Amino acid sequence: MRTALLQTPGESCTVAYWLRNFETWRDEVDQLIVLVNNLYYPDLARFDRQAIESVGGKVAFVEGRVQHGDCIDRLVMQAHIEDPDGLVVLLEDDAFVRRPGSVRAAFDRIESGEVDVIGSPRYQDRLGDPVEEWGPLTQDWVELRRVLWPTFLFARSRDLLATNRRFGYDT
């Protein structure tokens with residue numbers, strides 16, 4: 001099974017716009033699971049539930065603010081419970097698929113055994129950043145680029161769960 005995993009704070013206009021984009025590639029996944037995090041208004045929750053379910057998505061709500069990595073862990077675990085051999089793509093509500101067929105193509109590459117993970121390098125100037133103190137890090141640029149953005153990351157759920165499951169930031 002190919003599962004799209006979306007985490008969002010549930011701002012209704014953003015959710016509606018994201019779902020409109022989802023319509024252009026929804027046939028490239030078998031299911032959509034959404035975790036709405038940090039939502040405090042019942043009327044918005046009702047709107048979000050109706051909008052997500054109207055496109056065939058499953059939705060869960062978390063009260064209060066949950067860290068990004070914990071949301072990812074929860075979504076991946078839910079997808080894995082539903083299909084231990086399934087593939088997932090991590091998504092966020094401010095990222096949009098611009099080319100229909102690209103989600104299918106990424107999943108196809110993993111299913112064919114060509115690659116295990118598809119993601120985008122998460123580059124931040126951790127060595128020369130004058131604002132943030134990142135602590136002792138390697139000077140090896142290849143090692144630094146092993147950090148991936150938590151959106152448009154494609155993998156098997158079991159491979160993600162076999163990691164240390166630290167999907168968020170540490171501090």
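Reader: In this predicted model, is Phe152 buried, partly exposed or exposed?
Author: Phe152 has a relative accessible area of 24%. Buried would need under 20%, and exposed over 50%. Phe152 is therefore partly exposed.

Reader: Where is Phe152 found?
Author: Two elements flank this residue. One is α5 (141-144), and the other is β5 (153-156). Phe152 is found in the loop between α5 and β5.

Reader: What is the phi of Phe152?
Author: Most residues other than glycine have a negative phi. Phe152 is not a glycine, yet its phi is positive. The value is about 55°.

Reader: Which residues have the most contacts inside the largest nonpolar core?
Author: The largest nonpolar core has 26 residues. Elements that give two or more residues to it are β1 (2-8), α1 (12-22), β2 (31-37), α2 (42-54), β4 (87-92) and α4 (102-111). Those with the most contacts inside the core are Trp18, Leu19, Trp25, Leu32 and Phe154.

Reader: Which residues does Leu32 contact, leaving aside neighbours within four places in sequence?
Author: Leu32 is among the residues with the most contacts inside the largest core. Contact here takes heavy atoms within 4.5 Å. Leaving aside those sequence neighbours, the partners are Ala4, Leu6, Trp18, Leu19, Phe22, Val55, Gly57 and Lys58.

Reader: How many residues are in the other core, the one with Ile72?
Author: This core lies apart from the largest one. Leu5, Ile72, Val88 and Phe167 are among its members. The count is 17 residues.

Reader: Is Cys71 buried or exposed?
Author: The structure holds zero disulfides. Cys13 counts as exposed, at 60% relative accessibility. Cys71 has a relative accessible area of 1%, and the cut-off for buried is under 20%, so Cys71 is buried.

Reader: Which residues lie closest to the centre of the second largest pocket?
Author: About 240 Å³ of space lies in this pocket. Its lining has 13 residues. The closest to the centre are Gln7, Pro9, Asn37, Arg65 and His68.

Reader: Which elements give two or more residues to the lining of the second largest pocket?
Author: By class, this lining has four nonpolar, five polar and four charged residues. The elements that give two or more residues are β1 and α3 (68-82).

How values were computed:
Residues are numbered from 1 along each chain as its sequence is written. This is a predicted model: local features need pLDDT of at least 70, side-chain atom pairs count only at pLDDT 80 or more; totals for chains, interfaces and linings use all residues. Side-chain values use heavy atoms; hydrogens and water are left out. A nonpolar core is a set of buried Ala, Val, Leu, Ile, Met, Phe, Trp, Tyr and Cys residues joined through side-chain atoms within 4.5 Å. Buried means under 20% relative accessible area, exposed over 50%, partly exposed in between (1.4 Å probe, protein chains only). Helices (H or I, at least four residues) and strands (E, at least two) are DSSP runs, numbered from the N terminus. A disulfide is a pair of cysteine sulfur atoms within 2.5 Å. On a 1 Å grid over the protein atoms alone, a cavity is a set of points where a 1.4 Å probe fits but cannot get out, and a pocket is an open set with protein on both sides within 12 Å along at least five of seven lines; lining residues have an atom within 4 Å of a point. Grid points are joined across faces, edges and corners, and a volume is the space filled by probe spheres set on the points. Ala, Val, Leu, Ile, Met, Phe, Trp, Tyr, Cys and Pro count as nonpolar, Asp, Glu, Lys and Arg as charged, and the others, Gly among them, as polar.
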